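Here is a short briefing on one protein model. Look at the sequence and the fold, then read the points below.

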Amino acid sequence: MAEARQASSLLSSLSSDGAEVELSSPVWQEIYLSALRSWKRHLWRVWNDVLTGVVPATPLSWLFLFSTIELACLLQLDPSLGLMEKIKELLPAWGRQHYQLQGLLAAAVFASCLWGTLIFTLHVALRLLLSHHGWLLEPHGTMSSSTKTWLALVRIFSGRHPRLFSFQRALPRQPVPTAQETVRKYLESVRPVLGDDAFDHATGLANDFLRLQAPRLQLYLQLKSWCASNYVSDWWEEFVYLRSRGSLINSTYYMMQDFLYVTPTPLQAARAGNAVHTLLLYRYLLNRQEIPPTLLMGMRPLCSAQYERMFNTTRIPGVEKDYLRHLQDSRHVAVFHRGRFFRVGTHSSNGLLSPRALEQQFQDILDDPSPACPLEEHLAALTAAPRSMWAQVRESVKTHAATALEAVEGAAFFVSLDSEPAGLTREDPAASLDAYAHTLLAGRGHDRWFDKSFTLIVFSNGKLGLSVEHSWADCPVSGHLWEFTLATECFQLGYATDGHCKGHPDPTLPQPQRLQWDLPEQIHPSISLALRGAKTLSSNIDCHVFPFSHFGKSFIKCCHVSSDSFIQLVLQLAYFRDRGQFCLTYESAMTRLFLEGRTETVRSCTREACQFVRAMDDKEKTDQQCLALFRVAVDKHQALLKAAMSGQGLDRHLFALYIMSRLLHMQSPFLTQVQSQQWLLSTSQIPVQQTHLFDVHNYPDYVSSGGGFGPANDHGYGISYIFMGEDAITFHISSKKSSTETDSHRLGQHIENALLEVASLFQVGQHFKRQFTGLGENSGYRYGFLSCKTVDPNILTSSTNM
């Protein structure tokens with residue numbers, strides 16, 4: 001995702017004098033601080049769990065155990081085998097009249113000790129079970145008897161109704177791969193994109209690294225993995241995100257996951273009222289841990305640590321390094337409309353405001369005719385400025401407008417009421433979707449508070465979108481939030497027949513508070529400079545979004561291949577035809593199988609993928625030969641993906657080794673070369689995690705269109721894709737207009753052609769081509785306005801089992 005650009009700029013972000021001073025601290029101190037941060041987070045989670053009554057288990061389980069022991073004592077049985085009598089001897093002698101009270105206390109102490117021991121045993125057993133990753137290595141779509149047994153044990157030890165953070169103390173730690181294996185995988189990954197001389201040079205550097213620096217670096221890294229919750233995630237957050245000094249526009253990603261073909265209401269204030277109410281309902285469930293934990297393939301729990309900073313979080317700029325400020329609670333949202341800032345309370349003495357009451361608040365803002373104050377209209381452009389510049393100007397803003405600044409930074413999240421419409425239109429579907437994506441990604445440069453964890457954007461025609469700051473969490477976490485929001489605000493809360501939120505206005509509700517920014521004129525040049533920079537970045541981004549409606553996941557399943565591998569090979573073919581060469585490809589994979597895991601890189605441009613791509617352009621190769629090479633490339637991609645997910649990827653390990661070398665002041669030409677690599681193709685799949693919330697069979701128009709991010713390189717592409725139901729795929733492509741080598745629309749056409757060509761290999765060949773001949777030119781079909789005729793799976797039943 002957008003992290004690829006941040007990762008590729010790591011080398012330059014560590015070259016400033018300030019960063020060098022910071023990295024001059026002793027390595028032992030850095031390991032100690034990592035351990036301290038881990039234990040602080042762990043103790044905070046335990047305390048939070050105690051307050052919510054879910055740790056180490058529910059109080060009812062302790063009460064049940066205590067009652068069982070008391071019942072056994074009444075029946076003159078001793079389940080403690082004499083231990084309760086020993087406990088009584090240790091208690092103060094209160095006389096015969098308090099003998100029964102002593103018995104109750106002894107039973108309570110014994111029950112507590114037994115309860116804690118049982119819970120600890122369950123956690124240890126569950127951690128051992130979750131450390132098993134053999135199920136990942138099984139062929140796609142199959143499950144052995146040993147995996148079924150393992151799954152049954154996981155379910156038994158997980159309990160009947162696990163909460164969001166129930167598995168956190170049982171998740172294993174991310175392992176540190178061996179240096180030899182990581183270097184081997186690295187050399188294998190760069191072989192397709194390096195010439196013979198360049199590869200020989202890289203091999204020589206790698207061998208020198210293994211002989212000279214790797215043993216010591218690996219030893220320190222192993223020590224850090226024993227002390228910290230995760231050996232790489234805290235450094236990834238700090239050095240890739242918080243130390244980056246560039247504009248947040250470069251690392252922000254957007255969620256266009258409103259319904260593509262449906263707008264539940266055209267009323268902007270009503271849509272904002274339902275959406276904000278739903279987001280705060282999600283926060284309520286999050287605080288009570290009533291959100292079910294995410295289970296991979298329905299059986300393996302993922303780490304939930306990233307959910308903790310979803311709300312009430314702001315990235316505070318620093319001269320050398322930012323930090324994330326997270327509040328335990330916030331009872332208001334900050335709202336931006338036509339250059340003005342407002343504070344909107346979200347709670348009353350009776351609790352969360354109703355959607356209709358929130359709509360009333362937002363309508364008051366829309367109806368407010370007052371103009372923006374001097375310096376206020378473009379103030380938010382400072383959050384898109386280089387971080388060091390914003391850090392310096394923020395001190396002046398804080399001095400002169402502390403109350404207003406605190407209202408924004410202390411809000412649950414930021415809301416932008418856009419004055420323009422957005423979304424898919426029949427008149428020009430291509431341009432309208434491209435503009436929709438571009439607006440969500442960068443806006444006008446001054447209508448987003450980029451420091452907030454996320455900004456809810458509500459357009460004048462009722463369309464929604466989300467702009468997300470990347471440092472606190474990755475896309476699947478914010479995607480989970482957005483799926484819940486769409487389903488709840490549309491299907492559960494709903495709207496009245498006139499388009500308003502259900503319910504009645506509240507005449508006693510106070511007006512939204514207009515924030516006052518009493519700013520000195522001296523910061524005007526900084527605001528102007530930040531605005532010019534933000535507009536320059538924004539205007540240079542070329543976004544292209546297109547729904548591919550010819551086939552989708554159901555067809556790919558019938559081909560008996562992984563849908564993600566299918567798309568990744570299509571992207572390799574499309575890029576090769578676009579640029580005439582191969583490049584390092586970044587595909588984001590999650591490592592949330594481990595405690596505090598985030599992401600790993602899958603290098604999708606493999607030797608096997610290159611062989612398949614070349615075969616597709618070789619007229620002497622038959623379809624059967626191309627299909628055979630395709631399956632080999634799919635198997636290779638699946639092996640890389642599973643290795644990354646199981647903690648055996650190479651890029652995060654190399655990143656951690658590089659940071660450790662900087663801390664130890666060790667010069668490593670090999671690690672420097674690795675970190676200087678450029679990702680010309682950055683890709684990511686947007687997962688649909690809560691399919692039960694959407695009925696795409698009965699309501700096919702209620703499909704989400706995913707999200708996207710900017711390119712990782714000034715001469716590269718950023719591509720995300722989402723499977724919309726079973727029969728469509730939406731692609732989000734971005735590049736830089738300033739580059740003469742890239743064109744998002746041109747690549748989009750290559751992707752569409754490559755999808756059709758690869759699908760035609762599966763012995764539906766001529767039938768498939770006849771079925772869709774000319775449809776690529778029909779924008780009505782392409783954007784879903786005509787009925788979507790998909791491939792009949794029955795055609796494939798006898799032809800794909802080869």
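**Briefing: rings, charges, strands and surface**

The structure holds 30 aromatic pairs. Rings of Phe, Tyr and Trp (its six-membered ring) pair if their centres lie within 6.5 Å; planes under 30 degrees apart count as stacked, over 60 as edge-to-face and the rest as tilted. This is a predicted model: local features need pLDDT of at least 70, side-chain atom pairs count only at pLDDT 80 or more, and totals for chains, interfaces and linings use all residues. Residues are numbered from 1 along each chain as its sequence is written, and side-chain values use heavy atoms, with hydrogens and water left out.

**Aromatic rings**

- Trp-390 and Trp-449 form an edge-to-face pair, 6.1 Å centre to centre with 80° between the planes.
- Trp-390 lies in helix 15 (residues 387-400) and Trp-449 in the loop between helix 17 (429-442) and strand 11 (454-458), so the pair ties together parts that are 59 residues apart in sequence.
- Helices (H or I, at least four residues) and strands (E, at least two) are DSSP runs, numbered from the N terminus.
- Both Trp-390 and Trp-449 are buried. Buried means under 20% relative accessible area, exposed over 50%, partly exposed in between (1.4 Å probe, protein chains only).
- Ring pairs also link a cluster: Phe-548, Phe-551, Phe-555, Phe-566, Phe-612, Phe-630 and Phe-762.

**Charges over rings**

- A charge sits over a ring if NZ of Lys or CZ of Arg is within 6 Å of the ring centre and within 35 degrees of the ring normal.
- Arg-191 lies over the face of Phe-199, at 4.6 Å from the ring centre.
- The charged end of Lys-224 sits over the ring of Trp-235, 4.3 Å from its centre.

**Salt bridges**

- There are 34 salt bridges in the structure. Each is a side-chain nitrogen of Lys or Arg within 4 Å of a carboxyl oxygen of Asp or Glu.
- Glu-237 bridges to Arg-309, with the closest N and O atoms 2.6 Å apart. The two are 72 residues apart: Glu-237 is in helix 12 (residues 233-242), Arg-309 in the loop between strand 3 (300-301) and strand 4 (313-316).
- Glu-237 counts as buried at 17% relative accessibility, while Arg-309 counts as partly exposed at 25%.
- Asp-578 and Arg-746 meet in a salt bridge (2.6 Å, N to O). Asp-578 lies in helix 21 (residues 563-579) and Arg-746 in helix 26 (residues 744-759), so the pair ties together parts that are 168 residues apart in sequence.

- Eight strands form an open sheet in the order 13-7-6-10-11-12-1-18, with mixed pairing. Strand 13 (513-514) and strand 18 (707-709) stand at the edges, each with a single partner strand, so one side of each has no neighbour in the sheet.
- Two strands pair if DSSP finds at least two bridges between them.
- Strand 10 (residues 414-417) and strand 11 run parallel, joined by four bridges. Val-415 stands opposite Leu-456 in strand 11.
- Strand 14 (residues 541-548) is mostly covered, with eight of its eight residues buried.
- Strand 14 pairs with strand 20 (residues 728-736) in the antiparallel sense over eight bridges. There, His-544 stands opposite Ile-733.

**Surface**

- Where is Leu-75? Leu-75 is in the loop between helix 5 (59-74) and helix 6 (83-90).
- Leu-75 is exposed, with a relative accessible area of 56%.
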